[in-house]
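This note is meant for a colleague who is opening the structure for the first time. Please read the numbered points with the sequence and the model side by side.

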Amino acid sequence: FYRVNQLPTEVVARQPNGDLAVVRTEFSTGVGPGYKYYIYNIYTREYEYFARTGSSGLRLRWLPFGERLVYTYDDESPYFPYYIYTEEDGHRYLGDDIEGTMSTDGRYFASSTTTRSRPISIFDSETGLTRNYCLPETGARLYNGNFEFSPDSRYVALRAPLPKDEDVEGVGQHILILNIETGEVVDLSTGFNNIVVWAKDFGTYGEGGSS
């Protein structure tokens, strides 16, 4: 359907709520297929080449609001370099072998540590720095739950039982909100299951607001 240099392409990933798609063309490496990847505007038919791989291809995904594309080369053993693309800034290198849950804007990565006093770790791909955070009232335990970044990437929602009431029937897990700029943790409420979703305030979509 979409053609690059008169060659047919395969659509790999469409941009959410946008005009772009990642497409690829296939070529022979002599021992198997290889691929060339392009950012393709489906309306103007303009395209930009950005990656070439062997048969393993790229691992990539558009972030939820579609402003950013994150990708890595599956065949770059033994490490995986990560990159991020935006229409404004083009392609930027993030780092190698990044682990954890990615923030909404693709900048931060949250993961658990093996240190009980500071069980939460946030890696900042722009500065290359990692900050570890404590979780008050958790009884110096490791954190085994999920990480849910807010739409503006300033906060992380966490779920954990607290020692003060974990034996009380019906209390269940607490929702803890971590401010990654200040390290402040707010105990929001209790009794939640495994589904936590951030939502933007009405009228703030596209403006970075969150609730």
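How many bridges join strand β15 to β16, and in which sense do the two strands run?

1. The model under review is predicted. Strand β15 (residues 148–149) is joined to β16 by two bridges, and the strands run antiparallel. Within this pairing, Glu148 has Ala157 of β16 opposite it. The two strands make up a hairpin with five residues between them, and Ser153 in the turn shows a positive phi of about 65°.

2. Strand β16 (residues 155–160) also pairs with β17 (residues 173–179), again in the antiparallel sense, through six bridges. Here Tyr155 is placed opposite Asn179 in β17. Strand β16 is mostly covered, with five of its six residues buried.

3. Close attention may be given to Arg154, which forms a salt bridge with Glu181; the closest N and O atoms are 3.8 Å apart. Because Arg154 lies in the loop between β15 and β16 and Glu181 in the loop between β17 and β18 (185–192), the pair ties together parts that are 27 residues apart in sequence. Arg154 counts as partly exposed, at 34% relative accessibility.

4. Another part of the model is an open sheet of four strands in the order β11-β12-β13-β14, with antiparallel pairing. Its edge strands, β11 (101–102) and β14 (130–133), each pair on one side only. Between them, β12 (residues 108–112) and β13 (residues 120–124) pair over five bridges, and Phe109 has Phe123 in β13 as its bridge partner.

5. A salt bridge of 2.7 Å (N to O) joins the side chains of Arg107 and Asp124. Arg107 lies in the loop between β11 and β12, and Asp124 in strand β13, so this contact ties together parts that are 17 residues apart in sequence. Arg107 is partly exposed at 21% relative accessibility, whereas Asp124 is buried at 10%. Together with Glu126, these two residues are linked in a network of salt bridges.

6. How many salt bridges does the structure hold? The total is four. One of them brings together the side chains of Glu10 and Arg24, at 2.9 Å from N to O. Since Glu10 belongs to strand β3 (residues 10–14) and Arg24 to strand β4 (residues 20–28), the pair ties together parts that are 14 residues apart in sequence. Glu10 counts as partly exposed at 40% relative accessibility, while Arg24 counts as buried at 16%.

Conventions: Residues numbered from 1 in each chain as written. Predicted model: local features only at pLDDT ≥ 70, side-chain atom pairs only at ≥ 80, totals over all residues. Heavy atoms only, no water. Pairing = 2+ DSSP bridges. Buried < 20%, exposed > 50% of the residue type's maximum accessible area, 1.4 Å probe, protein only.
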